[in-house]
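Visitor: I would like to learn how to read the features of a model like this one. Please start with charged pairs.

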Amino acid sequence: MGVDAMTLYRLARGLKRRGVPLLPAVLRKAIYYLHSSYIPEDAEIGEGTQLGYGGIGVVIHKAAKVGKNCLISQQVTIGGRSGLEGAPVIGDYVRIGAGAKILGNIRIGDFAVIGANAVVLKDVASGTVVAGVPAKVIRQDPDPLTTYQREMGLLPQRTPLSAVPPPASMRQ
């Protein structure tokens with residue numbers, strides 16, 4: 001089993017924080033040659049974030065911020081736009097489909113879902129599903145945490161049996 005791009009990124013970022021001068025740049029080049037990806041050690045990527053298929057073809061702007069526990073599929077670009085300042089800020093638990101492009105100084109809210117090959121040029125609210133070119137809102141979820149747990153195969157928290165009222169047929 002090979003080393004994925006996220007592992008190399010985390011190693012490069014840790015070395016850069018410790019003031020090691022040359023090795024982070026060597027690791028960035030290794031990410032580029034092994035995974036055809038550009039993930040600079042300056043980009044802020046939260047813990048638990050994963051790259052699909054080891055990070056093949058992923059490009060992330062050096063000023064971009066990605067939250068915790070996100071899933072970024074292959075061939076995704078998170079970058080700036082010509083002539084505009086800033087880079088995307090992506091919230092926690094965001095899922096980004098294969099080939100999506102998130103461009104410009106925009107914010108993606110927590111629990112948002114970006115469809116495959118979508119081109120996102122405007123802010124996306126929390127719990128929103130967007131798709132298309134340019135991306136349009138497909139669904140706005142009133143309870144994004146429950147939807148996330150269901151779609152990701154996580155069991156929702158169970159309420160204790162004592163907190164559940166008895167059925168009407170059993171009440172006196």
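Guide: A salt bridge is a side-chain nitrogen of Lys or Arg within 4 Å of a carboxyl oxygen of Asp or Glu. Side chains of opposite charge can pair when their charged atoms come close. This is a predicted model, in which local features need pLDDT of at least 70, side-chain atom pairs count only at pLDDT 80 or more, and totals for chains, interfaces and linings use all residues. Residues are numbered from 1 along each chain as its sequence is written, and side-chain values use heavy atoms, with hydrogens and water left out.

Visitor: By this rule, how many salt bridges does the count come to?

Guide: The count comes to four salt bridges. One of them joins the side chains of E41 and R28, at 3.2 Å from N to O. The pair links distant parts of the chain, 13 residues apart: E41 is in the loop between α2 and β1, and R28 is in helix α2. Helices (H or I, at least four residues) and strands (E, at least two) are DSSP runs, numbered from the N terminus.

Visitor: Which residues are linked in a network of salt bridges?

Guide: The network links R95, R139 and E151. The side chains of E151 and R95 meet at 2.8 Å, N to O. This pair links distant parts of the chain, with E151 in helix α3 and R95 in strand β8 (residues 95-96), 56 residues apart. E151 also forms a salt bridge with R139, the closest N and O atoms being 3.4 Å apart. R139 is in strand β14 (residues 136-140), twelve residues from E151 in helix α3. As for accessibility, R95 is buried at 14%, while E151 is partly exposed at 37% and R139 is partly exposed at 37%.

Visitor: Which residues does T147 touch?

Guide: Contact means heavy atoms within 4.5 Å. T147, in helix α3 (residues 144-151), touches R139 and D141, not counting residues up to four places away in sequence. T147 is buried, at 8% relative accessibility.

Visitor: How should I check the span of helix α1?

Guide: The expected span of a helix is 1.5 Å times one less than its number of residues. Helix α1 (residues 5-17) has 13 residues, so it should span 18 Å, and its end C-alpha atoms are 18 Å apart, which agrees. Just after α1, G19 takes a positive phi of about 85 degrees.

Visitor: What covers the buried residues of α1?

Guide: The cover includes α2 (23-35), β1 (44-45) and β2 (50-51). Among the buried residues of α1 are L8, A12 and L15. From helix α2, L27 touches L8, L11, A12 and L15, not counting residues up to four places away in sequence. L27 is buried, with a relative accessible area of 11%. The C-alpha atoms of L27 and L15 are separated by 9.9 Å, the two residues being twelve apart along the chain.

Visitor: Where is H35 placed, and which residues does H35 touch?

Guide: H35 is in helix α2 and counts as buried at 11% relative accessibility. Beyond four places away in sequence, H35 touches V3, D4, A5, A30, G54, G55, I56 and G57.

Notes. Buried < 20%, exposed > 50% of the residue type's maximum accessible area, 1.4 Å probe, protein only.
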